Amino acid sequence: MDCPNMWQSLSTKTTKMSIKIKEIVIAVVSALVGALLTFAFMNKGYTKNTYTIGAKLGYDFNKPNAKIQLPEILHEISGLTDIDEHTLALVQDEDGIVFIYDWQKEEIIKQIRFGEGGDYEGVTKAGNSIYVLRSDGKLFEIENFESEDFKVNEYDTEIPVKNNEGLGYDAKHKRLLIAGKSKPKGDEYKGKRAVFAFDLDSMGLMKQPVYIFKEENIERFVKENKSDGETEQNLKINPSAIAVHPITDRLFVLSSKDKLVYIFNRENGLEAVHQLDKKLHLQPEGITFLDNGDMFISNEGVEERPSLLFFSYNEEK
């Protein structure tokens, strides 16, 4: 019997077993640490200096169900829209590219180049087309976006607003909603922000705003509805994103600069306002909903990587 070979074989097996045990231990520890971090995040409760005034929103904006870190190529993410239950379309404000993103797999699965570099701020889907908004009001339509033979159409809306950031699809009226971050031209719009509509039948901009948000109405709403202990301040509205809720039909307007979410009804009435926690929502620039009401809010990368915050819909909240 060759004893040296036998001991060498045993030694090799022991070494392999030790390595395997170490790998298992590392995997278990990593899983536990990940679970603890996830638990800590989910229960962090970003509640300092935040409040909700008015009706129930259907979401706890301080406790997202998930936080997804986006790749650095989306550091300047400026808008997003839903494609289906597991896919989103994202844009960032420097490149003329739509990024198709699988949020469940957490990966970019396709890139669609539609134009040159520019200040792109909003994106939405209507039928077989994806529309992208440039800050000067110009619209880019990616027709048949799922095909390799997609076509890009451009529309000069001539919207009377210098800085436009919000773009959403209003399926009920078959139109796009364009929310201006700055006020429209004219003294009559002082202290107001407007939403214009781009009709998808005529493929033209309606001359008059379909919604007007008045700061004086916001101040009156806050005074009439705030609870004791809630901070009263002069709230501003500078829309960075707009979306129609698929179930309640309310308008959700995100004001990134002010860290606020406004909820309006179709009659232009303000129903709720929520102040976001700036530690969680570092720079919220986009908002969209899945068909079941679940919501995403995108944040540009500021102190960390860009992110998606996912909130499940609960009508009781």
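This is a predicted model: local features need pLDDT of at least 70, side-chain atom pairs count only at pLDDT 80 or more; totals for chains, interfaces and linings use all residues.

Colleague: OK. How many residues sit between strand 18 and strand 19 in their hairpin?

Modeller: Five, and Asn268 in that turn has a positive phi of about 75 degrees. The two strands pair in the antiparallel sense over five bridges, with Ile263 standing opposite Ala272 in strand 19.

Colleague: And what does strand 17 do with strand 18?

Modeller: Strand 17 (residues 251-255) pairs with strand 18 in the antiparallel sense, over five bridges. Val253 has Tyr262 in strand 18 as its bridge partner. These two strands form a hairpin as well, with four residues between them, and Lys259 in the turn has a positive phi of about 55 degrees.

Colleague: Why is strand 18 called largely enclosed?

Modeller: Five of the five residues of strand 18 (residues 260-264) are buried, so the rest of the structure largely encloses it. Buried means under 20% relative accessible area, exposed over 50%, and partly exposed in between (1.4 Å probe, protein chains only). Leu260, Tyr262 and Phe264 cover one side, Val261 and Ile263 the other.

Colleague: Lys278 next. Buried or exposed?

Modeller: Exposed, at 61% relative accessibility. Lys278 is in the loop between strand 19 (270-275) and strand 20. Its C-alpha atom is separated by 9.5 Å from that of Asp258, and the two residues are 20 apart along the chain.

Colleague: Which residues of helix 2 are buried?

Modeller: In helix 2 (residues 215-225), they are Glu215, Ile218, Phe221 and Val222. Down the helix axis they fall within an arc of 120 degrees, so they line one face; the arc is that of the directions from the helix axis to the C-beta atoms. Exposed Glu216, Lys223 and Glu224 are on the face turned away from the buried side.

Colleague: Switching topic: what's the volume of the largest pocket?

Modeller: About 480 Å³. On a 1 Å grid over the protein atoms alone, a pocket is an open set of points where a 1.4 Å probe fits, with protein on both sides within 12 Å along at least five of seven lines; lining residues have an atom within 4 Å of a point. Grid points are joined across faces, edges and corners, and the volume is the space filled by probe spheres set on the points.

Colleague: Which residues are closest to its centre?

Modeller: Of the 33 lining residues, Asp82, Thr124, Tyr169, Val244 and Phe289 are the closest. Strand 3 gives the most to the lining, six residues.

Colleague: Last one: what's the strand order in the open sheet of four?

Modeller: The order is 2-22-21-20, with antiparallel pairing. Strand 2 (66-69) and strand 20 (284-289) stand at the edges with a single partner strand each, so one side of each has no neighbour in the sheet. Strand 21 (residues 295-299) and strand 22 (residues 307-311) pair over five bridges, and Phe296 has Phe310 as its bridge partner.

Terms used. Residues are numbered from 1 along each chain as its sequence is written. Side-chain values use heavy atoms; hydrogens and water are left out. Two strands pair if DSSP finds at least two bridges between them.
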